[in-house]
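What does each one bury, and which contacts cross it?

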Amino acid sequence: MNLGLYMAQRLSAMVMVPLVFGHLGVMIYAIQGGLTTAEILERTMGSLWWFLFYGCFVVAVSIHSAIGMRVIVHEVLKLRGLALELVMWAFGISILFLGARAVMAVTML
Amino acid sequence: MYFHNPLKNDRCAVSEEDILEVSVWRGTGDTGEYETFQVPARESQTVLDVVTWIQQQIDPSLSYRYACRVGMCGSCAMMVNGEPRWTCRTHVKKVTRDGALQIGPLRNLPTIKDLAADMDPFFDKWIAAGGVHTPSRSRAEPIAEVSPEDPGRVEANKGIECINCSVCYAACDTVANTPDYLGPAALQRAWTLYNDSKVEDRQAVLDAVSKNNGCHNCHTQGSCTQYCPNELDPLSAIAGLKRASAKSFLFKSKEDRQ
């Protein structure tokens with residue numbers, strides 16, 4: 001791992017910290033009063049705030065986990081060079097695609 | 001497996017219960033096996049004493065490396081019961097398991113023969129990590145005064161007693177999993193140079209340890225600090241390099257390059 005990847009992983013972790021606590025708080029809040037799926041969607045659909053909140057979360061997770069996966073694949077499977085970079089990018093883009101799809105599904109009208 | 005009777009070789013009389021079962025790695029390169037020797041146990045005896053006894057009394061072809069025998073030269077490090085140790089300062093009584101010792105060549109390095117590891121990759125990484133001192137002044141200029149209380153000097157002093165024994169390198173799981181990783185000793189050396197005001201281009205040291213095989217691969221497992229026989233702290237040195245390189249990444253300026 002070089003300095004660029006190291007900084008990307010640390011900075012994305014810094015972004016994730018408040019978002020993880022926010023997400024946990026939302027989950028605890030949502031189950032306290034027994035919110036239904038419809039009630040949750042009513043609050044998230046069309047909300048720019050929730051789109052930005054979970055959109056940032058997905059971008060940060062995609063960067064952070066792809067770099068972490070790169071390290072694991074390199075150390076465990078001994079993959080290196082172009083193949084290693086391709087695995088990292090493929091993993092990151094996949095997570096980004098899946099996450100973005102989920103965020104759009106619950107926030108876009 | 002081969003067994004040797006020390007009673008036929010040793011001049012001192014020893015009883016059966018005073019015998020150490022010592023397995024020693026024998027072989028060249030990647031191939032070999034452990035060979036068991038019976039060695040007389042002594043009241044005060046180091047692992048290096050045991051290896052030397054085998055070589056002098058049983059098998060002169062046993063290859064191993066040592067020089068000073070007092071923990072200064074860093075030549076005699078080996079794997080003892082699976083853990084890297086400086087054998088000249090390791091008492092047998094403290095490391096035997098059920099009266100048995102297993103002694104092998106250092107982990108994470110190629111084996112030349114028997115207990116002698118090839119140290120070339122270890123020292124090559126010192127150079128790759130910017131470990132060569134590049135002075136900021138020529139010999140024609142007056143020597144730069146450095147206060148012992150200077151914070152940089154204090155930090156550098158923490159790592160300068162490294163004896164290059166490679167115990168930390170053998171203990172490091174990151175080196176085991178990423179053979180190109182520079183390793184704790186080379187990075188600690190880089191940290192001392194980064195903190196040395198006499199070094200001409202300290203940013204060059206940071207750049208050298210910030211590449212793909214550099215300090216950012218460290219998982220902070222701490223085996224280097226745990227096993228360092230001189231009780232140095234390469235783990236903190238690597239953490240220092242990470243902090244300094246991150247700071248340089250975020251606030252790179254002309255000052256940082258000086």
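Chain A and chain B bury about 1300 Å² between them. Of that area, 52% lies on carbon and sulfur atoms. The model is a predicted one. Three residues stand out on the chain A side: A:Met1, A:Leu3 and A:Glu75 supply 42% of the area that chain A buries against chain B, more than any other three residues. The contact takes 12 residues from chain A and 16 residues from chain B.

Now look at the polar side of this interface. One salt bridge crosses between chain A and chain B. Its partners are A:Arg80 and B:Asp180, whose side chains meet at 2.4 Å, N to O. Eight residue pairs, both members at pLDDT 80 or more, are in polar contact between chain A and chain B. Two helices of chain A contribute to the side that touches chain B: α1 (3–32) and α3 (48–77) each supply at least two residues. By class, that side of chain A has five nonpolar, three polar and four charged residues.

Turn next to chain B on its own. Where do the two domains meet, and with how many residues? In chain B, 15 residues of domain 1 are in contact with 17 residues of domain 2. Together, domain 1 and domain 2 of chain B bury about 1200 Å², with 63% of it on carbon and sulfur atoms.

Again, one salt bridge is counted, here between domain 1 and domain 2 of chain B. B:Arg107 and B:Asp173 form a salt bridge through their side chains, at 2.7 Å, N to O. The domain interface of chain B also has seven residue pairs in polar contact, both at pLDDT 80 or more.

Strands feature on the domain 1 side. In chain B, β3 (77–80) and β4 (83–86) each supply at least two residues of the side of domain 1 that touches domain 2. The largest share comes from β4(B), with four residues. That side of domain 1 of chain B divides into nine nonpolar, three polar and three charged residues.

Between chain A and chain B, about 1300 Å² is buried; between the domains of chain B, about 1200 Å². Carbon and sulfur atoms hold 52% of the buried area in the chain interface and 63% in the domain interface.

Note on methods: Residues numbered from 1 in each chain as written. Chains lettered and ligands numbered in written order. Predicted model: local features only at pLDDT ≥ 70, side-chain atom pairs only at ≥ 80, totals over all residues. Heavy atoms only, no water. Contact = heavy atoms within 4.5 Å. Buried area = accessible area lost by both parts, 1.4 Å probe. Salt bridge = Lys/Arg side-chain N within 4 Å of Asp/Glu carboxyl O. Polar contact = N/O pair within 3.5 Å; in protein donor to acceptor, adjacent residues only side chain to side chain. Nonpolar A, V, L, I, M, F, W, Y, C, P; charged D, E, K, R; others polar.
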